[in-house]
Amino acid sequence: MNTITLSIAAGIGASVLGASFAQAAGAIVGVHAAAPQVIVVELQTATTNEAGGTATRPDVLDLALSKWTVNGQAALGISRMSTPYDEQKALATTSPNLFPVTVRHKIYLRLDKPLAQGQPYTIATPYGATRLAFDSRVTYCESIKVNQTGYSKLASSRFANFGAYLGDAGSLKLPAGSRYEVIDERSGRTVLGGEPQYIKDDTAIASASSGEHVYRLRLDQLVEGGPYFVSVPGCGRSRSFAIGDDASRKIAYVSARGLYHQRCGTALKQPYTRYTREMCHATVADTRTPWVSTPVLSVPDNALMKPLIGGHHDAGDFDRRPMHTIIPILMLSYFDAFPTHFVDRQYNIPESGNGIPDFVDEALWAVLSWENLQVMDTHDSQFGGVRAGTEMNRHPAYGVHSAASDPGRYGTWAVSEEVTALSAGIFAHAARVIRPHDGARADALVQRARLAWRYLEKTAAPGAAKARFMYPALQLYLATGEARYHTLFKNAAQAIVVRDGTWPEQYLPGNASAAVQSAHFVSYLTAHGRAVDPALTQALKDRIVYFADRGGYVGPAPESQAYPQGATKFLSWGATTTQGKYADVYAFASLFAANDARKQTYINAVSQYADFSLGLNPLGRSFVTGLGTDTPQSPAHLDSYFTKYGLADGAGADPHLKAIGNVPGIVVYGPTEGRSGAAYQTAVSNKLYPSWDRLPVLRRWGDGWSLINSNEFSTWETMVWNAAMHGFLYNASQDPKATSTPAECDGATCAQTKPNACVIEPATGALALSALANNIVCVQRTDNWAQQRVVNGKARFATPRAAPGTRVYGFSGMNSYGACTTKVAQLTCEMP
């Protein structure tokens, strides 16, 4: 093992706040390493009820150096970093409201020599004693950052980072000659080794900084498999990770199902999810309230409430907003560009088994909301127009309301030119995608698109060079073949995309405020069977490649950056975790690369962006619930409160009720440069130490739901972009296991079937099903996808011989071709 000397970028010293505040009582919850001469003791102080503002300050700790010893010797130096770890629901009966916040503190102890392999260390502190038996392959080293789920096999350039940050003591710099190794976790074999590559001094406070001296640990040569971990002698090991489809399949699954868990106007039930709830927001009032920048919408007491299903909840609250048009646009465009990456039965959603890829089915749920928001009364002056979403006059409360128990009365936003135009495109786009599967619905969607366009022709100027008209003109042309739409699209695309347009009607990949994204025109460049303008086609491809070769608008490609966060400016809410937005241009550029080397460079960029929110970031944590080791504890997601604590939401009995954690697939906003001054937010952010403005920007984050700028999310800002990115990185049609993810349920079965409803006949190996629930009319084996009609609650598969554990799906319907539809159950078959 090499001896590694350390140079300190900032002095290590005690950090105790003024004596006017009582010291917080704490308990040691862990001990690990941060660098070859630094032990980390992790404390958790008692939960405090915080009012925010000046009343909330960091906990006071006893950091007198003489009281912190290692093997009886005083540490050479001590420093601290404190981060909120969790937050319970607000105490709303007090005035002001109080927010129960729990904080964890990392206390960094600098030693006089590197940590020695096999050496026991006894650490005495004012908060009790603890021990560390140091082992480079066992002891966690927080400074080694990896994608905590796994890296894409498509990438030829992948890496971990080493970057130590010791709170108010700053960073550590390792000298050349340090080594790292990669270990196969199952066998214990060293499968890769190398020398860390110094990337940059990233110790600045401003801009997108980590506060670290950043080193890259190359993982390019790792073969598909795992789990692996990275070990740095004298420091310890990373979190576990994998390489390849097993990881990418899980990431794509959880990310896409994050949208499923945000569906509006439906119940979430087993066997599709364990994170169940009853029907939500089934009716709204047709208020047609004009959209305002601070959305508040009141519904009169006597308003008629009408059914309206479809779409996805905005975020922690339950609105459906105009910006949600990007959800189906993006998903359908990724399917156009990468159709083999998505298959049926991939995500275990209610539509699985209908022959349509699940990714498209989720997009169609988004389309459904705009269908139901279209004015279809021929006597209505706004016939054909599309209302811009649904809202109410307040936010539901965390810890009080779930989507199902929300008592709010929702109304509609007024018919909007932009939403009507984009919906026309969405309808035509969806029609073209599903026509091979459902011609009748495709025809109905084309008719809706025409109605929306006719409304625009009466009320707007759809020939104008605007993105809102360019996209529907394209999709109507591709769906109908009518030349007039082609002409409109060509004129708009030339003006806005090729000739750069004028703000905000410009194409600036990565900039969400620009009107045009790649998804608004990329369908023209994919296989669709319509005639195209060759010059325009090449010009549009050139624009995509231009940005991919020069970096997106908000930041350069990730390969040369300290961390692959993407944005290097405008780091507002969500900018640091919506990597799919920055990866988007590289994903599409991979279709048009000049050669294989350039194509691989683009794929590498997408893969590296995907690593950031899953753990390869300065905080060394995942910002996605359900993925990674160190995941968000307290996202601002109201349904998660009830699944996290195993509590009833008051909207119906749940026989599977228990504490199972936060709903998976939520991509929280993560670090932001600025923060809100609202009391409910500073109740969390004021607990950070060093204080918010003294932290490097990519460390400005705390785990507490009321810190909305860090822990809320949105389906349209963070989630759908990352779901599309992970869909690009996983080609489901090339993975035999793509549809092998089991149903999510508690108990022996997923429906009201008896535990012995499926048995394997010992003599023949046939599957015999009996006593099936009344709602199961068709069943399907999962080993060969054979189907049988259920008669009198029974069905039988004579061949092939079944293995113990073979699964059978139960369905509640059959289509006109006799195929099973609408999966409602899963049974596991065993020998009697």
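A disulfide is a pair of cysteine sulfur atoms within 2.5 Å. The model is predicted. By that cut-off, the structure holds three disulfides.

| Pair | S to S distance | S-S torsion | Hand |
|---|---|---|---|
| Cys 141 and Cys 235 | 2.1 Å | about 50° | right-handed |
| Cys 758 and Cys 829 | 1.9 Å | about 90° | right-handed |
| Cys 778 and Cys 820 | 1.7 Å | -55° | left-handed |

**Cys 141 and Cys 235**

The sulfurs of Cys 141 and Cys 235 are 2.1 Å apart. This pair links distant parts of the chain, 94 residues apart. Cys 141 sits in the loop between strand S10 (128-133) and strand S11 (144-145). Cys 235 sits in the loop between strand S19 (225-232) and strand S20 (236-237). Cys 141 has 0% relative accessibility, so it counts as buried. Cys 235 is also at 0% and counts as buried. The torsion about their S-S bond is about 50°, so the disulfide is right-handed.

**Cys 758 and Cys 829**

Here the sulfur atoms lie 1.9 Å apart. Cys 758 belongs to strand S26 (residues 758-760), while Cys 829 is in the segment after strand S32 (820-828). The two are 71 residues apart, and the pair links distant parts of the chain. The torsion of about 90° makes this disulfide right-handed. Cys 758 is buried at 4% relative accessibility. Cys 829 is buried at 0%.

**Cys 778 and Cys 820**

The S to S distance is 1.7 Å for Cys 778 and Cys 820. Cys 778 lies in strand S28 (residues 778-781) and Cys 820 in strand S32, so the link ties together parts 42 residues apart in sequence. A torsion of -55° about the S-S bond goes with a left-handed link. Cys 778 counts as buried, with 1% relative accessibility. Cys 820 counts as buried, also with 1%.

**Cys 264 and Cys 280**

The cut-off for a disulfide is 2.5 Å. Cys 264 is buried, with 0% relative accessibility. Cys 280 is buried as well, at 1%.

Methods
Residues numbered from 1 in each chain as written. Predicted model: local features only at pLDDT ≥ 70, side-chain atom pairs only at ≥ 80, totals over all residues. Heavy atoms only, no water. Helix = DSSP H or I, 4+ residues; strand = E, 2+ residues; numbered from the N terminus. Buried < 20%, exposed > 50% of the residue type's maximum accessible area, 1.4 Å probe, protein only.
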